[in-house]
Amino acid sequence: MLISKKMEKALNQQLILESAASFNYLAMASWCDKEGMDGAAKFFYNHAAEENEHMMKIFLFINEVGGHSVTPSVKQPTLHFKSVLEICQLALKHEEKVTRSIHKMVDLTVQEKDHVTYDFLRFFVREQREEEVLFDKVISQIKLIGTGGQSLYYVDNMLGSIESTMEEEATSEE
Ligand SMILES: [Fe+2]
Ligand SMILES: [Fe+2]
């Protein structure tokens with residue numbers, strides 16, 4: 001095995017966080033969908049898929065380096081929300097928790113001089129930075145747009161347009 005037992009355990013813990021994130025976003029997408037907010041729904045459906053990719057990335061890595069990936073059990077996420085603003089604030093909070101967990105794992109790789117996992121985790125360090133910046137920005141924009149009258153329409157458009165910009169960036173990177 002290329003990694004320590006302790007690292008294997010930490011990575012399996014991270015799997016649980018990524019899959020919880022995926023289901024949280026799926027529940028958020030579903031709520032937005034039911035509320036008729038198509039842009040926001042698309043934004044969160046895509047986020048759910050992205051977190052599932054993160055989960056799979058770690059899953060395959062653990063097995064690749066000779067460990068044993070443990071399929072996480074699924075806890076039902078919160079299904080009902082007050083507003084898109086509340087959703088984004090919850091999302092940021094969860095992303096911050098994920099970031100702390102990733103950083104703790106990087107600390108462990110340094111402690112253990114585990115260059116393989118250190119290198120693997122670089123993607124996640126970058127990813128978390130982007131996620132926190134994104135949700136920070138989205139929250140400020142929602143606050144700017146406000147909660148009165150037609151604001152929901154604009155919030156929905158804004159989230160939908162972020163999603164298409166992200167898609168464009170992803171295809172131009174390929
Ligand atoms: Fe993630
Ligand atoms: Fe994330």
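**Chatting through the pocket, the irons and the rings**

Student: Hi! Which residues line the second largest pocket?

Tutor: Hi! This is a predicted model, and in it the lining is made up of Ile-16, Ser-19, Ala-20, Phe-23, Asn-24, Ser-73, Val-74, Lys-75, Gln-76, Pro-77 and Thr-78.

Student: What volume does the second largest pocket have?

Tutor: The second largest pocket comes to about 220 Å³.

Student: And how many of the lining residues are nonpolar, polar or charged?

Tutor: The lining has 5 nonpolar residues, 5 polar ones and 1 charged one.

Student: New topic: the metal. Which protein donors does the iron ion (ligand 1) have?

Tutor: Its donors are Glu-18 and Glu-51, each through OE, and His-54 through ND1. They lie 2.1 to 2.2 Å from the iron ion (ligand 1).

Student: How are those donor residues spaced in sequence?

Tutor: The spacing reads E-x32-E-x2-H. Glu-18 sits in helix α1 (residues 5-34) and Glu-51 in helix α2 (residues 38-64), so this pair ties together parts that are 33 residues apart in sequence.

Student: What does Glu-51 bridge?

Tutor: Glu-51 bridges the iron ion (ligand 1) and the iron ion (ligand 2). The two ions are 3.5 Å apart.

Student: Is Glu-18 buried or exposed? And Glu-51, buried or exposed?

Tutor: Glu-18 is buried, because its relative accessible area is 0%, under the 20% cut-off. Glu-51 is buried too, with a relative accessibility of 1%.

Student: OK, salt bridges. How many does a search of the whole structure find?

Tutor: The search finds 2 salt bridges. As background, side chains of opposite charge can pair when their charged atoms come close. One salt bridge joins Glu-8 and Lys-5, at 2.9 Å from N to O.

Student: Where do Glu-8 and Lys-5 lie?

Tutor: Both are in helix α1, 3 residues apart, which is about one turn of the helix. Glu-8 is buried at 8% relative accessible area, whereas Lys-5 is exposed at 60%.

Student: Which side chains meet in a salt bridge at 3.9 Å?

Tutor: Those are Lys-82 and Glu-86, with the 3.9 Å running from N to O. Lys-82 counts as exposed because its relative accessibility is 71%, over the 50% cut-off. Glu-86 is partly exposed, at 22%.

Student: Last topic, the rings! How many aromatic pairs does the structure hold?

Tutor: There are 9 aromatic pairs. One of them is Trp-31 with Phe-81: the ring centres are 6.0 Å apart and the planes meet at 80°, so the pair is edge-to-face.

Student: Which parts of the chain does that pair link?

Tutor: Trp-31 is in helix α1 and Phe-81 is in the loop between α2 and α3, so to speak distant parts of the chain, 50 residues apart. Both Trp-31 and Phe-81 are buried.

Student: What about Phe-120 and Phe-124?

Tutor: Phe-120 and Phe-124 make a tilted pair, 5.5 Å from centre to centre with 55° between the planes. They share helix α4 (residues 115-145) and are 4 residues apart, about one turn of the helix. Phe-120 is buried at 15% relative accessibility, and Phe-124 is buried at 0%.

Student: Which residues form one aromatic cluster?

Tutor: That cluster is formed by Tyr-25, Phe-43, Phe-44 and Phe-135.

Terms used: Residues are numbered from 1 along each chain as its sequence is written. Chains are lettered from A and ligands numbered from 1 in the order in which they are written. This is a predicted model: local features need pLDDT of at least 70, side-chain atom pairs count only at pLDDT 80 or more; totals for chains, interfaces and linings use all residues. Side-chain values use heavy atoms; hydrogens and water are left out. On a 1 Å grid over the protein atoms alone, a cavity is a set of points where a 1.4 Å probe fits but cannot get out, and a pocket is an open set with protein on both sides within 12 Å along at least five of seven lines; lining residues have an atom within 4 Å of a point. Grid points are joined across faces, edges and corners, and a volume is the space filled by probe spheres set on the points. Ala, Val, Leu, Ile, Met, Phe, Trp, Tyr, Cys and Pro count as nonpolar, Asp, Glu, Lys and Arg as charged, and the others, Gly among them, as polar. Donors are N, O and S atoms within 2.8 Å of the metal (3.2 Å for Na, K and Ca); water is not among the atoms, so sites may look incomplete. Helices (H or I, at least four residues) and strands (E, at least two) are DSSP runs, numbered from the N terminus. Buried means under 20% relative accessible area, exposed over 50%, partly exposed in between (1.4 Å probe, protein chains only). A salt bridge is a side-chain nitrogen of Lys or Arg within 4 Å of a carboxyl oxygen of Asp or Glu. Rings of Phe, Tyr and Trp (its six-membered ring) pair if their centres lie within 6.5 Å; planes under 30 degrees apart count as stacked, over 60 as edge-to-face and the rest as tilted.
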